[in-house]
Amino acid sequence: MNYCNLITIFAFINLLVSIPHGYSNYVETKAGQFFSSGHTNNWAVLVCTSRFWFNYRHVANTLSVYRSVKRLGIPDSHIVLMLADDMACNYRNPKPATVFSHKNMELNVYGDDVEVDYRGYEVTVENFLRVLTGRLPPSTPRSKRLLSDDRSNILIYLTGHGGNGFLKFQDSEEISNMELADAFEQMWQKRRYNELLFIIDTCQGASMYERFYSPNLMALASSQVGEDSLSHQPDLGIGVHLMDKYTFYLLEFLEEVHPASQANMNDLFKVCPQSQCVSTPGHRTDLFQRDPGSVLITDFFGSVRKVEITKDTINLTSPVEPPIKRSGSSDIQIESLTYVDQLPVAEIIHQQDCLEANVTRCRRKQQRTRKLNCQVVEKQTA
Amino acid sequence: MGLLSDPNRRKALTGLLTRLNTPICIVCYLAGIVWFMGLAFEPFTLRTYMSENAMGSTMVEERFSSGERALSLAKEFDAHKRQARGMPVEWLVKAMQSRGLEVFTQSFSRKLPFPDENKERYMVRGTNVYGILRAPRAPRTEALVITAPCSPGNTNNQAVALLLALAQYFRNQIYWAKDIIFLVNEHDLIGTQAWLEGYHHTNITGMEYSPLQGRAGSIQAALSLELSSDVITSLDLVLEGLNGQLPNLDLANLFYAFCQKLGVLCTIQGKLQRNDWDTAEGYTHAAQTMMLMVLKQACGRSWGDHGLFLRYHIEAASVRGINSFRHYKTDATTIGRLLEGMVRKLNNLLERLHQSYFFYLLPSLSRFVSIGYYMPAFGLLAVILLLRVSFPGLCHCFSVSLQPSSPGVLTVLTPVVISHLTGVALYLLPVHLQEMAVEHFPVSETEAVVLTAIAIYTAGLALPHNTQRLLSGEGTEQGWKVLKLTALLYLAVLLGCTALINFSLGFILAVTLVPITASITPHMPKALYAVVMVLLSPAFTILYCVFIYQELIEAPVSVSEGWMLFLSVISQGILDHALYGSLVYPLLALFIYPCWLMFWNILFWN
C-alpha cells in the first residue's frame, strides 16, 4: 500500500514540477511563433476592373473584401482600393450611395468610410502595375502608393471579366498573366513583399496564376481554365446581380474570422466547393515556402499586431554578450556598443536640466535633435 | 493551278456553263424557291436570345399598379375628345403638367397631293402634345420615347390613358438615367413625321410644322402603344417600318422576354406560336407568319407609328393590344407592368441597340432567320440572270457594240431612253394631271390618280410597236442581244440593290421577273409570251400579293373586292411616297417598270 501511495505522490510531484516548465515551453513556443511568419506590416491592393451598371457585382465584390480587410485591422493608409466605376452614385441605382452585397438590401458594403484611391478611368493596367512595382511619379500622393517593404505581407484581390490568360480592364485593355508574373518578380527583386496572397475572381481565373515564378506567392482563383465564374443572386429591387458566387462565400467565411482566430489557409482553400460555386476554385502553393496549414488567415487579411499581455517573466537568452574582459589591460575601457535611441525621449522630457549658462546652446541642440527626430520619425512610418 | 486561273479548266468550266445553261438556271430557280420556303422550317431557324449585355437577363420587380386609374382616365379622355371634336389639347397639357412633366405642343399642317379615301383627309392640320420626364440625376443627353396616337372615335383611348398613368408612376422613381418623352400625336403617321422632323431639325417631306420648344437629347429607343379596350387577350408586336426597315431584334427579344415573365400572350402578325413544328400544320403556320412579314416588309409602308422612327436610327416597335374571343384576359395593370419592365431595361442601355440583327425574318416570336440564312435564296435567283449573261448567244455581241458606227448601239439606246421616259411619266403624271382628269372624267381625285397610273402603264405596252416603226430599218440579231445583255445586267443590279435594302421586295420581284426575263427572245411565240409577260409584270405582282395577303390574314376577298383593294394599294403607295418618303413607288415606276419595258421591247423586236 505504501509503495502505491509513494508512486502516486511521486507522479503528482512530477506533474506539479512539469506544469510550469511546460507552461514556459508553451510560452516559448508562442514567443517563437511571434516571429515565425516574418512579416511586420500588412498591405492590401483591391482592384475592381469593370465599369457599367450591369457589372455592379464586381464593385460589390471588391467592397466586401475591403470591408473584411478593414474589419480585421488593416487601416485605409495600407489599403490601395481601385474601383473602375461608381455604382453607388450611378443614375440607375434606386438606392443611391449604397452598394449591397446581399439581396433584400441586407448588407451595405459601401458604408460611410470608404476610401477609394483609384477611381473611374484611373484604374488602368499601367496604374495597377505602377502601384505594384512602385514606379510612380514623385507627385503621387501617399494614399495612392503601395509603400511596402521586405517585411510586408500583401493581399492582392482582382475581380472583373477575364479569360484564358488575361483580365479585362475597363472594356478597353487587358493585363496578361505574364505581365502580372513579371510585376511580382519585380516586386520580389526590389524586396517589396515578404509574402503575397493573390486572389482572383473572374472567369477562367486559374490561368492568371499559372505563370508566377517568384517565391513566396500563394494564389487562389474562383474557377479553372475553361470554366466561367458565376454570379450569385440578383436583387429584384435594384435589378442587377449583387455578387459573384466565389466572393459571396468568401465574404461569409471571412465574417467568421476575427483578429485572434487561428483559421489557416487550408480553410480558405475549402471556401466555395463546386457544389456551391458550380465552378471549381483553384489554388497554387508551390511557390510558397511555409506550409499553408501554418499560415493564418489574419497573416494576410488582417493587421494583427503581435501583442500578448503576460504577467510572468520570460527568460530569453540574451543575444548580446558583454565583451570579455582581458586580464592585462584594465585601463583600456571597451565600452559596449548600443543602438542610438530612435526617439530620445529623455532629452526632450528633461530639457529643464540644461544649465543656465548653456541654455541657448542646449535649446539649439534640442532644436537640431528635434528636427532630426522628425526626419527619423518620417522614415520609420514610410 | 487554281480552278479559274488555269486556262484549260476555265474553258471546261465555261463550256459546262454554256452547255447546261438552261438546266442550271431551272435548278437554281427551284432551289431558290425551295430555300425560301424552307426558312420557316424550325430546325433551320435559331432561337432568339438577348444580345445586349446591358439589358441582361435579370428582371426587375415591376410595381406599377394604377391600371384601374388608367381606365377611368380613358373615359375622361374620350369625353374630352368628343367635346373638342379632335384632339383635346388643353386637357392633355393640363393632365401632363399635373403629373410633373415639362409639356410642349407642336402644330403642323400638310396638304396631301390628293385626298386619301381610306382615311378621308385632304388638308391635314393637327397638334402634337408631348411631355418630357426629366431624369432626376442624369444629364439630359439621352431620351426614350413612349407614344400613343390620338385617333378619332373610340380607338386608342386606353393607350393615351395608360401613357398618362405610366407618366405619373415613372415620375416618382429616381432610377432614370435617360429622359422619357411621352408623346400623343394626332393624325397618326403624319403627326409622328412632323414631330420627328421638328425634333431632328430636318424637312424631308415638305411638312409645315412649328419648331419644338422643348427637347430632351438623343433618342435611344421608342415604343408605340395601341390599346383600344379595357381588357385584352393578347399583345401583338409590329416591327415592320418604312421601306421595310426593321428595328434591332433585341427589341423583339425584350418584348418576348417580358411577355413570358408576366404570362401575357404575345403574337406577331396576329398569329400565336405553335409548338408542333414537325407537323404539316405547324410548318404551314410558321410559313404563313413568315410570308406575312415578307409581304408587309415588301410594300414599304410603315405598319405602326413606330416605323418612322427607324429612319433616324431610333429602334422602335409598336405594341398593339388585341381583344379577341379568348378565355384568359389581361388587364391594364399587367400591360402597364410590361411596359414598365421594358422601359426600365431600356433605361439600362449605355449605347444604342446594335448587338443583335437588323435584318431578319421572324417565322415566330421566338425563332428568327438572319440575313446570312435568307440571302442565299435571293442569290440563287440573281445568279440566273448572270448565267444568262454568259450565254454564248450573247457573248460575241461585245465586239459588235464596241464599234461606234454600228446600228446596234443606236437601236439599243432608243428603247432604253424611251422606257425610262415612260417610267418618268408614270411617276410624275398621275399626280400632276389629276385636275385635268377630274375635269374631263366623272371620277374623284384619288380614282383619277390611280387610273391615270394604270393608263400610262398600259400605254407603255404599246410603245415598242410604235417606236420600232419610227426607227429606220428592222432590228438586227445583234441589236436585241445587246439590249438583252444591258437589260439583264440592269435588272441584276436593280434587284441586288433592292434586296440589300429591302429583301422582301427584291425577292418578290425576282421571283416574278427572273423566269421571263431570263428566257425571253424575239423568236418565241409572241401572243403566248406577251400574255405571260403581262401576267408577271410588276403591276400584276402587286395584285397577286394583295390576294395572297388577304388569304394569309384569313379574310379572303372576291375578285372585285380584290381589284378595289389593289387600286387603294396603288393610291396608298403614291401617298406614302409623297408624305413619308417611301421608296417603293419611285423604285417601281422609275426603275423596275422601264426595265420590264425593255424586255417587252425585246419580245417585239422584229
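This briefing walks through some helices, strands and single residues in chains A and B.

The model is predicted, so local features need pLDDT of at least 70 and side-chain atom pairs count only at pLDDT 80 or more, while totals for chains, interfaces and linings use all residues. Residues are numbered from 1 along each chain as its sequence is written, chains are lettered from A and ligands numbered from 1 in the order in which they are written, and side-chain values use heavy atoms, with hydrogens and water left out.

**Chain A in outline**

- Chain A has 10 helices and 12 strands; helices (H or I, at least four residues) and strands (E, at least two) are DSSP runs, numbered from the N terminus.
- Of its 382 residues, 46% are buried, where buried means under 20% relative accessible area, exposed over 50% and partly exposed in between (1.4 Å probe, protein chains only).
- Take the contacts in chain A between residues at least 6 apart in sequence: 73% of them join residues at least 24 apart. Contact here means heavy atoms within 4.5 Å.

**A three-stranded sheet in chain A**

- Three strands of chain A make an open, antiparallel sheet in the order β5-β6-β7; two strands pair if DSSP finds at least two bridges between them.
- At the edges sit β5 (161–163) and β7 (173–176) of chain A, each pairing on one side only.
- From one strand to the next, the twist averages 30 degrees.
- β5(A) is joined to β6 (residues 166–169) of chain A by three bridges, and the two run antiparallel. Here A:His161 stands opposite A:Lys168.
- Helix α3 (residues 125–133) of chain A lies across β6 and β7 of chain A, at about 35 degrees to β7(A). Axes are lines fitted to C-alpha atoms, for helices over the stretch in contact, and angles run from 0 to 180 degrees between N-to-C directions.

- A:Thr62 is in helix α2 (residues 56–71) of chain A, and it counts as buried because its relative accessibility is 0%.
- Not counting residues up to four places away in sequence, A:Thr62 touches A:Leu46, A:Val47, A:Cys48, A:Leu81, A:Leu83, A:Tyr157 and A:Thr159.
- A:Arg92 lies in the loop between β2 (79–83) and β3 (118–119) of chain A. A relative accessible area of 9% makes A:Arg92 buried.
- Leaving aside neighbours within four places in sequence, A:Arg92 is in contact with A:Trp53 and with several chain B residues, including B:Arg137, B:Tyr175, B:Lys178 and B:Asn347.
- A:Arg92 and A:Ile238 are 146 residues apart along the chain, yet their C-alpha atoms are separated by 8.4 Å.

**Parallel strands in chain B**

- Strand β7 (residues 218–226) of chain B is mostly covered, with eight of its nine residues buried.
- Six bridges link β7(B) to strand β4 (residues 142–150) of chain B, and this pair runs parallel.

**Helices of chain B**

- Helix α8 (residues 280–298) of chain B has 19 residues and spans 26 Å from first C-alpha to last, close to the expected 27 Å; the expected span is 1.5 Å times one less than the number of residues.
- Of those 19 residues of α8(B), 14 are buried. Just after the helix, B:Gly300 takes a positive phi of about 75 degrees.
- The axes of α8(B) and α17(B) come within 7 Å and cross at roughly 100 degrees. That makes the two helices roughly perpendicular; angles under 35 degrees count as roughly parallel, over 145 as roughly antiparallel, 65 to 115 as roughly perpendicular and the rest as oblique.
- Their contact is made by B:Val294, B:Leu295, B:Gln297 and B:Ala298 of α8(B) and B:Ser504, B:Leu505 and B:Ile508 of α17(B).
- Helix α17 (residues 503–519) of chain B also meets helix α21 (residues 584–603) of chain B, where the axes come within 12 Å and cross at roughly 10 degrees. α17(B) and α21(B) are therefore roughly parallel.
- Among the residues making that contact are B:Leu509 and B:Leu513 of α17(B) and B:Trp596 and B:Phe599 of α21(B).
- B:Pro522 sits in the loop between α17 and α18 (526–535) of chain B, and is buried with a relative accessible area of 3%.
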